[in-house]
Amino acid sequence: TFRNLQLHSLIVVGGEDTLGVANRLAQDGVRIVGVPKTIDNDLSATDYTFGYDTAVNIAMECIDRLHTTAESHNRVIVVEIMGRHAGWIALESGIAGGADVILIPEAPIDIDKVCDLIKKRHARGKTFSIVAVAEGAVLKDQEVVGEKKLDQFGHVRLGGIGQVLGDLIEKKTGFETRVTVLGHIQRGGSPTAFDRVLGTRFGVKAFELVKAEKFGYMASLQGRKILSVPLEEAVGKLKTVPEDYYKLAEIFFG
């Protein structure tokens with residue numbers, strides 16, 4: 001069928017699901033190369049994917065804006081940020097935006113610990129708190145919050161952990177709590193310079209791979225260099241936030 005369409009080769013652009021399909025096609029002999037593009041930044045074998053830096057900056061700007069209303073109304077504000085299995089966006093936008101607590105899928109939520117941090121913060125005279133939570137974060141001993149509907153890759157459509165968390169925080173602390181879900185706001189807007197340059201460099205590398213007939217490989221950023229890696233290395237295991245990086249962020253909680 002591929003030859004019947006008179007296609008020389010395919011350049012597939014996407015994340016773990018899309019490139020996972022590309023890898024299976026490559027193993028079946030399809031002339032295919034990959035370009036990593038996912039805002040979650042959860043693809044292995046590359047330091048960054050384009051789209052991620054833009055999403056982090058948008059989420060950071062939203063957290064910056066939430067500081068104003070949180071301060072002026074003496075509130076706790078929970079902001080729900082994209083991130084199904086990996087909390088990269090929530091973590092880095094939370095650090096950059098000065099969130100007081102950051103919650104990610106890699107570390108199940110201890111709601112009592114979160115509420116203690118908020119209460120201690122307010123006891124020190126702080127009149128507001130901002131909690132950044134990734135959409136895939138879970139409370140201890142509970143499953144992810146989402147719709148029963150599945151997407152085309154069989155994933156539950158996530159959404160709702162922010163409201164669950166907000167209700168629990170208000171109930172346990174007595175502080176007025178509001179929830180903001182960023183949702184698809186993070187997918188729009190103007191790409192950062194970093195993402196524009198990275199996308200360009202990935203595109204050039206993909207063309208070079210096709211020209212060299214190096215199929216079954218993907219463009220990859222490693223340090224400052226654009227290299228090529230087998231697709232199977234990129235999709236074999238999700239790249240999640242390492243424990244030591246999250247512990248670094250915890251230093252600034254509360």
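Guide: The model is a predicted one, and the part to look at is helix H3, residues 88-97, together with helix H2, residues 52-73, whose axis comes within 8 Å of that of H3 and crosses it at roughly 45°. H2 and H3 are therefore oblique to each other, and the handedness of their crossing is right-handed. On the H2 side the contact is made by Tyr52, Ala55, Val56, Ala59, Met60, Ile63, Asp64 and His67, while H3 contributes Trp88, Ile89, Glu92, Ser93, Gly94, Ala96 and Gly97. Sorted by class, the residues in this contact are nine nonpolar, four polar and two charged.

The buried residues are Trp88, Ile89, Ala90, Leu91, Glu92, Ser93, Gly94 and Gly97. Their cover includes H2 as well as strand E3 (76-81), strand E4 (101-103), strand E5 (129-134) and helix H8 (243-250). Just after H3 comes Gly98, which takes a positive phi of about 75°.

Two other places can be described residue by residue. Glu233 lies in helix H7, residues 231-235, and, with a relative accessible area of 48%, Glu233 is partly exposed. Leaving aside residues up to four places away in sequence, Glu233 touches Ser44 and Ala45. A related separation is that between Glu233 and Thr46, which are 187 residues apart in sequence, yet 9.7 Å apart in space when taken from C-alpha to C-alpha. Ser9, for its part, sits in the segment before strand E1 (10-14). The relative accessibility of Ser9 is 18%, and Ser9 counts as buried because the limit for that class is under 20%. The side chain of Ser9 is also joined to the side chain of His8 by a polar contact of 3.0 Å.

How values were computed: Residues numbered from 1 in each chain as written. Predicted model: local features only at pLDDT ≥ 70, side-chain atom pairs only at ≥ 80, totals over all residues. Heavy atoms only, no water. Axes fitted to C-alpha atoms, helices over the stretch in contact; angles between N-to-C directions. Helix = DSSP H or I, 4+ residues; strand = E, 2+ residues; numbered from the N terminus. Parallel < 35°, antiparallel > 145°, perpendicular 65-115°, else oblique. Left-handed = near helix turned anticlockwise from the far one by under 90°. Contact = heavy atoms within 4.5 Å. Nonpolar A, V, L, I, M, F, W, Y, C, P; charged D, E, K, R; others polar. Buried < 20%, exposed > 50% of the residue type's maximum accessible area, 1.4 Å probe, protein only. Polar contact = N/O pair within 3.5 Å; in protein donor to acceptor, adjacent residues only side chain to side chain.
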